[in-house]
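Subject: Structure for you to look at

Hello,

Please find the structure below, followed by notes on what was found in it.

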Amino acid sequence: MRMYDIILKKRKGQELSAEEIRFVINGFTKGEIPDYQMSALLMAICFNSMSDLETAEMTYTMADSGDKVDLSEFGSLSVDKHSTGGVGDKTTLIITPIVASCGAKIAKMSGRGLGYTGGTVDKLEAITGYRTSLSEEEFFSQVRTVGASVIGQTGNLAPADKKIYALRDVTATVDSIPLIASSIMSKKLASGAKSIVLDVKAGSGAFMSDIDSAKELASRMVAIGRRCGRNISALITNMDIPLGTSVGNALEVIEAIKVLKCEEKGELRKLCLELSAAMLSMSLGISHDEAYLRAEKALDGGRAYEKLKEWIAAQGGDVRMLDDTSLFPRAAHTLQVISPSSGYICRMNTAEIGRASSILGAGRVKKEDKIDLSAGIVIAAKTGDRVSKGDVIATLYSNTESFLQEASKIYVDALEYSEESVPNQKTIICKVD
């Protein structure tokens, strides 16, 4: 079998066999196939796509390329959630204690974020003392006793995906739905959960800018999960507006705490309840309506907040910060963003708002970049809201004062206004089974 022939076959739009895909993935991971040949194949895939069978085989092979987490001791109770990423996405911080307080088991590995803000692990590190690295024994013991643990990804989880993604990132081959689906699902399958809920974002602040592409990606991932014997479902959610009112690491943790304390009851709470219900329905074997009711009771009755404190304490975090959010890191400098016009906000370019938060210090370009955990944005008005010229529409936070004016200009330019009223946007677009 020759890599040249496989590249040519895919260049002609033909389907690769399971044996050919395994040859490619395993050979590239071991260093037997050079970057330039793998780059050529990835570009051919971008132009000619892959069938469901090809995508599934690629996913399985990448998942098998390194360590795999064995959660079989938890049976059907093990459940995970994956978001394709967005601006202000702090759902894991809210969903984890809700679902764990209802009896399911969350053994979750999360990555660090690149781009607009940090990932879940970065957000959790805004809590003093929180340990994102646990031994295998500590990790499993905490899931048994507390019901939840969220740690950083191990170094050898789906190494084939890590190596292939690094190449895609520098060869303009990231934007391919089969490659995106196999990348995400290889890590989810290796992480071991029996049930998986996918939160696939669509809009200006998402990887998938339109709903049809988001649906196609979700359908591909659901099909892969089912072929591998997992319970899986997906929600398509709106990223044409930031999620919630905070963008930035410590700011997002504070907002998540407010939701768990039932101090905020907007669209973020509703999305988290829907995702929690989907996770509980599959893991507990109950109807969606019953699962939603249980999640809502756990939230309103305070059990989810108490589970949050138990989870954070178990991983060394300072739980006093949960009861008193003034203990979180605070930026030295702030700036209020003033509306330049009167009218209804009719559009928010969420990607640009994310870029503003990154300029303030909330994100990173390279993995080794240091994040300013206190930096970010608190949003005061969103699409559908009416504002007057001179109103405060957002507050910016940064420890570097010189960043504030640039970020403010980006934020203002990211908004469009209308004299006519526009509807408030829904967070949940549709479900994909």
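**Overall build**

The chain has 17 helices and 13 strands, where helices (H or I, at least four residues) and strands (E, at least two) are DSSP runs numbered from the N terminus. Its radius of gyration is 22 Å, close to the 22 Å from the globule rule for 433 residues, so the chain is as compact as a globular protein of that length. That radius is taken over C-alpha atoms, and the rule is 2.2 Å times the number of residues to the power 0.38. The C-alpha trace spans about 65 × 45 × 40 Å along its principal axes.

This is a predicted model, in which local features need pLDDT of at least 70 and side-chain atom pairs count only at pLDDT 80 or more, while totals for chains, interfaces and linings use all residues. Residues are numbered from 1 along each chain as its sequence is written, and side-chain values use heavy atoms, with hydrogens and water left out.

**Burial and contacts**

Of the 433 residues, 56% count as buried. Buried means under 20% relative accessible area, exposed over 50%, and partly exposed in between (1.4 Å probe, protein chains only). Among contacts (heavy atoms within 4.5 Å) with a separation of 6 or more, 79% join residues 24 or more positions apart.

**Cores**

A nonpolar core here is a set of buried Ala, Val, Leu, Ile, Met, Phe, Trp, Tyr and Cys residues joined through side-chain atoms within 4.5 Å. The largest has 77 residues, and Ile127, Phe328, Ile377 and Tyr411 have the most contacts inside it. Helix H12 (residues 267-284) gives the largest share of this core, ten residues. Apart from that core lies another, of 22 residues, including Val200, Ala202, Ala214 and Ile224.

Which residues does Ile127 touch, leaving aside its neighbours within four places in sequence? They are Val253, Ile312, Gly317, Asp318, Met321, Leu322 and Phe328.

**Two alanines with positive phi**

Most residues other than glycine have a negative phi. Ala158, not a glycine, has a positive phi of about 50°. Ala158 sits in the loop between strand S3 (148-152) and helix H8 (159-170), and is buried, with a relative accessible area of 1%. Ala172 also is not a glycine and has a positive phi, of about 55°. The loop that holds Ala172 runs between H8 and helix H9 (177-191), and Ala172 counts as exposed at 66% relative accessibility.

Regards
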